[in-house]
Amino acid sequence: MVQAAKPLDFLWFIPSSGDGAYLGSDELSRPPDPGYFREIATAADRLGYSGVLIPVGAACEESFVLAANLAAFTEKLKFLVAIRPGTATPAYYARLASTLDRVSNGRLLLNIVVGGSAQELGGDGIFLPHDERYDHAAEFFKVFNELIETGKSNLDGKYIKALNARLQLPPVQQPRPPIYFGGSSEAAIDFSAGLIDKYLTWGEPPAQVAEKIAAVRKAADAHGSQVSFGIRLHFIVRETDEEAWRDADRLISKLSDETIATAQDNFRRNSDSVGQARMVALHNGRRDKLEVSPNLWAGVGLVRTGAGTALVGSPATVARRLREYQELGIDTVIASGYPHLEEAYRVAELLFPALGIEPQPSPLRASFGERQVFGGGGHGGNVRSSV
Ligand SMILES: Cc1cc2nc3c(=O)[nH]c(=O)nc-3n(C[C@H](O)[C@H](O)[C@H](O)COP(=O)(O)O)c2cc1C
């Protein structure tokens with residue numbers, strides 16, 4: 001069993017654009033469905049995940065509305081909700097964020113998503129070139145943070161005009177909900193310095209993650225600020241390594257070469273994200289070299305934008321790999337797996353014990369003291385014995 005001094009903080013993911021058992025296939029796919037998202041969120045809450053990431057994008061359900069809904073059905077779960085500067089004003093986002101923190105009793109985490117597709121951003125009315133998006137975001141978060149921390153802001157900026165803006169109702173968390181951020185370009189890292197609490201990287205091999213951590217730390221140090229680190233990964237954890245690799249192959253078993261070529265062409269044409277380019281460079285659309293680092297499999301990235309790698313293996317193997325990231329400074333994992341409901345159970349039941357993550361204590365007694373072994377006994381019940 002691999003145990004670290006402090007267990008990793010584990011969040012799960014709400015697949016708010018849909019889910020499925022096979023990548024790049026309609027077979028056993030699940031369309032976006034509010035009832036299904038509630039099942040995933042309540043499972044994550046019970047299983048001991050500290051939160052869930054809710055993405056933002058034209059193909060996704062709106063993240064604040066979805067989080068507000070899921071907060072009503074969960075108790076402890078936090079919501080890492082994406083803000084995309086420019087899709088609304090900072091004053092409006094400050095009200096959204098404050099109200100969500102209030103109705104969830106302090107369970108909001110913010111994820112700054114500046115965006116990496118000119119085409120998609122254009123649909124939202126944002127027409128800035130890559131690096132300038134971060135200049136715009138810096139003005140946006142100046143106003144947003146002032147409002148959320150003090151209730152007042154005033155800026156006549158190059159991109160943002162907020163004249164005597166006010167927020168009357170403060171968030172529960174003081175001075176504000178924690179801010180997470182992912183972006184791999186130099187402009188992104190410069191922007192993040194002094195602003196964010198946690199930097200998120202997609203699941204690149206450890207050496208590349210180490211480079212990014214060093215660059216983000218250097219930028220933060222220059223501002224005299226502290227930053228911590230998280231990683232976004234898929235997981236295929238099974239009782240044995242062989243089973244896990246078999247299921248990784250199964251996940252892409254209905255994926256045609258034509259679908260891969262179309263997806264890769266779309267990434268090339270529609271994305272100017274440095275982070276996305278780093279993900280694509282791991283496999284370059286080739287399905288024959290997908291283990292890009294021990295137990296790190298790039299199969300998901302053949303067709304999915306963003307998080308494109310999975311840790312594959314038995315609980316002991318995957319725990320060992322996570323320990324390598326932890327030694328680099330990673331303290332948080334944002335995890336997912338296909339399909340997200342079943343895999344939330346697999347990761348919690350198989351991997352959490354190997355990582356020293358305690359399950360949620362249950363107030364219910366399991367029995368009157370007799371040992372019970374699940375056995376599908378009389379009427380499907382447990383087998384009781386006094387040993
Ligand atoms: C953990 C994580 C989550 C992200 N979530 C989203 C998202 O929900 N929607 C989106 O459009 N981009 C998302 N991104 C992409 C980045 O926010 C950013 O827009 C992109 O990487 C472009 O920046 P870059 O060129 O500086 O890398 C995410 C990135 C990371 C690392």
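This is a predicted model: local features need pLDDT of at least 70, side-chain atom pairs count only at pLDDT 80 or more; totals for chains, interfaces and linings use all residues.
Biologist: Let's start with the core. Which residues touch the most other members of the largest nonpolar core?

Modeller: Phe 10, Tyr 49, Phe 144, Phe 235, Leu 322 and Leu 351 do, out of the 84 residues in that core.

Biologist: Take Leu 351. What is Leu 351 in contact with, leaving aside its neighbours within four places in sequence?

Modeller: The list is Phe 10, Phe 235, Val 237, Pro 315, Val 318, Ala 319, Leu 322 and Arg 346.

Biologist: OK, rings now. How many aromatic pairs does a search of the whole structure find?

Modeller: It finds 15. One of them is Tyr 36 with Phe 37, a tilted pair at 6.4 Å centre to centre with 45° between the planes. Both Tyr 36 and Phe 37 are buried.

Biologist: And Tyr 199 with Phe 229, what sort of pair do they form?

Modeller: That one is edge-to-face, with 65° between the planes and 6.2 Å centre to centre. The pair links distant parts of the chain, since Tyr 199 sits in strand β10 (residues 198-202) and Phe 229 in strand β11 (residues 228-237), 30 residues apart.

Biologist: Why do you count Tyr 199 as buried?

Modeller: Because its relative accessible area is 1%, and buried means under 20%. Phe 229 is buried too, at 2%.

Biologist: Which residues do ring pairs link into a cluster?

Modeller: Phe 10, Trp 12, Tyr 49, Phe 235 and Phe 352.

Biologist: Switching to charges: which ring does the charged end of Lys 198 sit over?

Modeller: The ring of Tyr 180, 5.8 Å from its centre. Then there's Lys 254, which lies over the face of Tyr 22 at 4.7 Å from the ring centre.

Biologist: Last one, Asp 247. Where does Asp 247 lie?

Modeller: In helix α8, which covers residues 241-251. Asp 247 counts as buried, because its relative accessibility is 12%.

Biologist: What does the side chain of Asp 247 make a polar contact with?

Modeller: With the side chain of Arg 238, at 2.6 Å. Beyond its neighbours within four places in sequence, Asp 247 is in contact with Ile 236 as well as Arg 238.

Note on methods
Residues are numbered from 1 along each chain as its sequence is written. Side-chain values use heavy atoms; hydrogens and water are left out. Helices (H or I, at least four residues) and strands (E, at least two) are DSSP runs, numbered from the N terminus. Buried means under 20% relative accessible area, exposed over 50%, partly exposed in between (1.4 Å probe, protein chains only). A polar contact is a pair of N or O atoms within 3.5 Å; within protein, one must be able to donate a hydrogen and the other to accept it, and residues adjacent in sequence count only if both atoms are side-chain atoms. Contact means heavy atoms within 4.5 Å. Rings of Phe, Tyr and Trp (its six-membered ring) pair if their centres lie within 6.5 Å; planes under 30 degrees apart count as stacked, over 60 as edge-to-face and the rest as tilted. A charge sits over a ring if NZ of Lys or CZ of Arg is within 6 Å of the ring centre and within 35 degrees of the ring normal. A nonpolar core is a set of buried Ala, Val, Leu, Ile, Met, Phe, Trp, Tyr and Cys residues joined through side-chain atoms within 4.5 Å.
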